[in-house]
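Keep the view open as you read.

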Amino acid sequence: LLTMDRVISLKLDADWVVLSACNTASGDGAGSESISGLGKAFFFAGARALLVSNWPVDSDAARVLMTDLFKIQNQSSTSNTDSSKAQFLKQSMMNMLNNSGLKVNNVMKYSYAHPLFWAPFVMVGD
């Protein structure tokens with residue numbers, strides 16, 4: 001189990017940390033600041049940016065979004081284009097809105113176009 005105490009003790013030089021589980025941007029209670037204690041701990045440990053979620057996420061949709069996001073980042077780095085992490089996230093969200101969905105036996109069961117599937121994620125930081 002990764003706890004806030006353990007994260008704070010890390011010495012990171014991370015461009016970004018992805019916390020793609022449910023509610024990772026949520027504060028630690030009513031009236032609290034945004035970004036969970038775990039998320040804040042990553043900033044203290046040396047992360048320059050966080051990718052977090054604001055509400056419960058669909059696991060399959062989150063996997064599709066994250067996989068596409070890092071494919072886009074990789075393509076950007078190999079083609080020497082200068083894009084931000086937020087732009088990678090936006091492009092991945094647009095891909096989900098326009099192209100993705102859950103397929104069973106190669107038949108589309110539902111689309112990921114609804115914001116429920118991609119909108120919980122936000123980039124915080126650099």
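How many residues does helix H3 have, and how far does helix H3 reach from its first C-alpha to its last?

1. Please keep in mind that this is a predicted model. Helix H3 runs over residues 59-78, which gives 20 residues. From first C-alpha to last, helix H3 reaches 29 Å, close to the 28 Å expected at 1.5 Å a residue.

2. Now look at which side chains of H3 are hidden. Ala61, Ala62, Leu65, Met66, Asp68, Leu69, Ile72 and Ser76 are buried. Viewed down the axis of H3, these buried residues fall within an arc of 165°, so they line one face of the helix. In general, an α-helix has 3.6 residues a turn, so residues three or four places apart point the same way.

3. Turn to the face of H3 that looks away from its buried side: Ser59, Gln75 and Thr78 are exposed there. On the buried side, the cover includes strands E1 (17-18), E2 (49-53) and E5 (121-125), together with helices H4 (85-99) and H5 (115-118).

4. Beyond its neighbours within four places in sequence, leucine 65 touches Leu89, Ser92, Met93, Met96, Trp118 and Phe121.

5. Finally, visit the surface. Met4, Ile8 and Phe44 make a nonpolar patch of about 320 Å². Methionine 4 belongs to helix H1 (residues 4-8), and counts as partly exposed because its relative accessibility is 40%.

How values were computed:
Residues are numbered from 1 along each chain as its sequence is written. This is a predicted model: local features need pLDDT of at least 70, side-chain atom pairs count only at pLDDT 80 or more; totals for chains, interfaces and linings use all residues. Side-chain values use heavy atoms; hydrogens and water are left out. Patches are made of residues with over 30% relative accessible area and no salt bridge: like charges are joined within 9 Å, nonpolar side chains (Val, Leu, Ile, Met, Phe, Trp, Tyr) within 5 Å. Accessible areas come from the Shrake-Rupley method with a 1.4 Å probe; for residues, only the protein chains shown count as cover. A salt bridge is a side-chain nitrogen of Lys or Arg within 4 Å of a carboxyl oxygen of Asp or Glu. Helices (H or I, at least four residues) and strands (E, at least two) are DSSP runs, numbered from the N terminus. Buried means under 20% relative accessible area, exposed over 50%, partly exposed in between (1.4 Å probe, protein chains only). The expected span of a helix is 1.5 Å times one less than its number of residues. The arc is that of the directions from the helix axis to the C-beta atoms. Contact means heavy atoms within 4.5 Å.
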